[in-house]
Amino acid sequence: MTSDNPVVRRSALSTVLGNEELKLRQDEGTLTSVWRGAVHLGPTPDDATEKYRLTVIGAATVGGEQRVVSHQSAAALHGIPLLRPDLTKVHFTTAKTGRAGAKIHLHRHKLLPEHVTVVDGVRVTTPARTVADIARRGTFEQAVCCLDSGLRLGVDAADLGELAASATRMKGVACLRRALAVADGRSESVGESFSRATMRTLGIPPPDLQVTVLDDAGRFVARGDFGWEDKVIGEFDGRVKYSGQFGTSASETVFAEKRREDAIRRTGRIVVRWTWDDLLKPMHFRKLILDALLDAKVFPAPTES
């Protein structure tokens, strides 16, 4: 997963172009300062995640070989989606002492060689090590989301198990192990992972994932995000699929989704849907799922938490 570094040291570039040319290109928007002493040969990205990725590469480019990009910053380079990532600091892991600052978080730890790789020309923790580190440092929900994302992108569950087993004295290992027990790469988005982690916290029975819905004749009807006892289909509604970004208008997407849901209901199943806003109101979300499960006589019913 290596590529040419999209960021260069300002001093190296000024040797070739000269300081006046550098300033001219920056004024024209064809060159962007991403870190003190590092520039990107292109305009400032509109996307916050991409802007942060370039910032991370810039900090690593001028930061020296003793530091390895890690945690949320490593996830940005690997393209691992996270729940509520902190994009205000660049994270490094280093065995050496060094100066941290308002924009840098240094994690003191000696990394094994097999836990380090190279992405975009800089040293970075491997995807497995990255998601394990993040899972130790955040909430249970954030841990489940990052582990799910890692598994979905090809991280080996056995590698995560080894990292959890060897992290006996590391801060947050209990959160890592708890989240690893329920992590599942079949979750197709952070929203689905967050939904499942929230269900776990609220005592809702764990659903099946990516459930195939068939009619009485055995014909395919749809695939649902979640399912309980072949009686209830749960659907997480992210905003992206209704935004008209995939070659169809938002209205066409909504109409197609309505037809799909009607087809599921005709099989006798109950459909329950929720959004990010619902997930941010835990008791409301719990009641939403609970009512559907009780209506369908799904047992055991969720317990009070």
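Modeller: Contact here means heavy atoms within 4.5 Å, and the model is a predicted one. With that in mind, Thr 126 is found in the loop between β8, which covers 122-125, and α5, which covers 127-137. Leaving aside its neighbours within four places in sequence, Thr 126 touches His 78, Glu 114, His 115, Val 116 and Thr 117. The relative accessible area of Thr 126 is 15%, and because buried means under 20%, this residue counts as buried. Ala 74 lies 52 residues away from Thr 126 along the chain, yet the C-alpha atoms of these two residues are separated by 8.0 Å.

Turning to the sheet, three strands form an open arrangement in the order β1-β3-β2, with antiparallel pairing. Because β1 (7-9) and β2 (32-35) each have a single partner strand, they stand at the edges, and one side of each is left without a neighbour in the sheet. From one strand to the next the twist averages 40°. Three bridges join β2 to β3 (residues 38-40) in the antiparallel sense, and Ser 33 has Val 39, in β3, as its bridge partner. Helix α1, residues 10-17, packs on this sheet and touches β1, β2 and β3, while its direction makes about 80° with that of β1.

Methods:
Residues are numbered from 1 along each chain as its sequence is written. This is a predicted model: local features need pLDDT of at least 70, side-chain atom pairs count only at pLDDT 80 or more; totals for chains, interfaces and linings use all residues. Side-chain values use heavy atoms; hydrogens and water are left out. Two strands pair if DSSP finds at least two bridges between them. Helices (H or I, at least four residues) and strands (E, at least two) are DSSP runs, numbered from the N terminus. Axes are lines fitted to C-alpha atoms, for helices over the stretch in contact, and angles run from 0 to 180 degrees between N-to-C directions. Buried means under 20% relative accessible area, exposed over 50%, partly exposed in between (1.4 Å probe, protein chains only).
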